[in-house]
Amino acid sequence: MKMMLNSSQVSHFTLAAYSDPGLFKYVIFLILLCFYVLIIVANVLLIVVICMNRSLHEPMYLFMCSLFVNEVYGSTGLFPALLLHILSDVHTISAVFCYLQIYCVYSYATIELFCLTAMSYDRYLAICRPLQYHACMTSKTIVLLIALSWLFPLLTIIVPILLTLHLQLCGNVINKVYCGNYSIVKLACSDARVNNIYGLVQIMTYIISPLILILITYVRILKVCFSCCKQTRQKAVSTCTPHLASLLNFSFGCLFQIIQGRFDMSSVPNILNVFLSLYFLVCQPLFTPLLYGLKMSKICTICKRLLCGGR
C-alpha cells in the first residue's frame, strides 16, 4: 500500500524525464546555455532600444517591451534549473523550488497570451478606428492594459498551486524535465476533482478567452484590409505579421502542453516528449525578439545603427 503524504509534506520531487547521455550532456549544456544567453541578450537589447528612444514611445512598442520583459522572466524561470540538472547526476528538486518554478512558468505563459491580446486590441484600434486611436489608446489605457496583463496572472496563478498543496500524494516522481502543476496533481491519491475542474476553468479563462478576443479583432482587421487601398493593406500586414507569427508559435506550444498534461503520452518517444514540453519555453523567448527585431523597420534600423556604432 502506497504511503499517502500531504503535498506540503513532500520535501522534494524527482524529475524522471532526464536520461544519461554520457559525455554528450556537456554538448547539450553548451547548446542550451547559448540559447539562454541569446534570449537574454536579444530581449534586453530590444528593451533598452525601446526605453532609450523617444521615437519608439508609442503604444505598439510599449506593448512589445512588456512582451520582451516577459520573455526574460519566463526563460529565467526555466533555464538555470534546466542547465543545473543537465550537468547533475541526481535529478531532484526541492518542493519549494518546484512550486516556485510552476509559478514562474505558468504566470509567464498567461502573461504572454495577455500581452498578445493587448497588442491585438492596439492593432485593431490603429487599423479599424484610426481617427479614434489616440483618444482610446491614452497613456492611462496603456498602463492599465500592461498592468492587467501582469497583475492578473501573477495573482491568480497562486490559486491552483494552493489547491495542489492540499492534495495527498502517493509519489514524488514527475515525468518531465521541469515541474508542472498538473504533473503533481496526477500523483494525487486523494480526490483531485476540484483541481481538474479549476484546470479546465483556467484553460477557458487564460487561453480560450484571449484567443477568441484575438480572433474577433483579426476578423475585423481583415474586413478593413480588404476594403482599403493597397498601401494601407501593406502597412497593416507589415505590423500584424510579427504579432500573428508570435501568436501562432506560442499557441502551438500551449497546445503541446495541454495535450501532454491531459493525455497519456507513454507511447511517445521520451526525446519528443521533452522537446514538446520545452518548445514554448525555449523557442518563444528566442523567436519573439528575432521576429520583431527583424520585421519592425523602426526597431531594425535603430538596432543596426546601435550595433554598427552609429554608422
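**Ground rules.** I am working from a predicted model, in which local features need pLDDT of at least 70 and side-chain atom pairs count only at pLDDT 80 or more, while totals for chains, interfaces and linings use all residues. Residues are numbered from 1 along each chain as its sequence is written, and side-chain values use heavy atoms, with hydrogens and water left out.

**Disulfides.** I searched the whole structure and found two disulfides, each being a pair of cysteine sulfur atoms within 2.5 Å. One of them joins cysteine 170 to cysteine 189, with 1.1 Å from S to S. This pair links distant parts of the chain, 19 residues apart: cysteine 170 is in the loop between strand 4 (168-169) and strand 5, and cysteine 189 is in the loop between helix 7 and helix 8 (193-227). Cysteine 170 counts as partly exposed, at 22% relative accessibility.

I then turned to cysteine 98 and cysteine 179, which form a disulfide with their sulfur atoms 2.1 Å apart. The link is left-handed, with -120 degrees about the S-S bond. Cysteine 98 lies in helix 3 (residues 95-128) and cysteine 179 in the loop between strand 5 (173-174) and helix 7 (181-185), so this bond ties together parts that are 81 residues apart in sequence. Cysteine 98 is buried at 0% relative accessible area, and cysteine 179 is buried at 0% too.

I numbered the bonded cysteines in sequence order and got the pairing 1-3, 2-4. Cysteine 254 is in no disulfide; its nearest cysteine sulfur belongs to cysteine 283 and is 13 Å away. Cysteine 254 counts as buried, at 10% relative accessibility.

**Helix 2 against helix 10.** I checked how helix 2 (residues 59-87) meets helix 10 (residues 270-295): their axes come within 9 Å and cross at roughly 145 degrees. Here axes are lines fitted to C-alpha atoms, for helices over the stretch in contact, and angles run from 0 to 180 degrees between N-to-C directions. I sorted the contact residues into twelve nonpolar, four polar and one charged, with Ala, Val, Leu, Ile, Met, Phe, Trp, Tyr, Cys and Pro as nonpolar, Asp, Glu, Lys and Arg as charged, and the others, Gly among them, as polar.

Next I looked at asparagine 43, which is in helix 1 (residues 24-52). Asparagine 43 is buried, at 0% relative accessible area. Leaving aside neighbours within four places in sequence, asparagine 43 is in contact with Phe68, Glu71, Val72, Pro285 and Pro289.

**Core.** The largest nonpolar core has 83 residues, and those with the most contacts inside it are Phe13, Met64 and Ile299. Such a core is a set of buried Ala, Val, Leu, Ile, Met, Phe, Trp, Tyr and Cys residues joined through side-chain atoms within 4.5 Å. Helix 3 gives the most to this core, with 17 residues. I also listed what phenylalanine 13 touches beyond four places in sequence, and the list includes Cys98, Tyr99, Ile174 and Leu187.

Terms used: Helix = DSSP H or I, 4+ residues; strand = E, 2+ residues; numbered from the N terminus. Buried < 20%, exposed > 50% of the residue type's maximum accessible area, 1.4 Å probe, protein only. Contact = heavy atoms within 4.5 Å.
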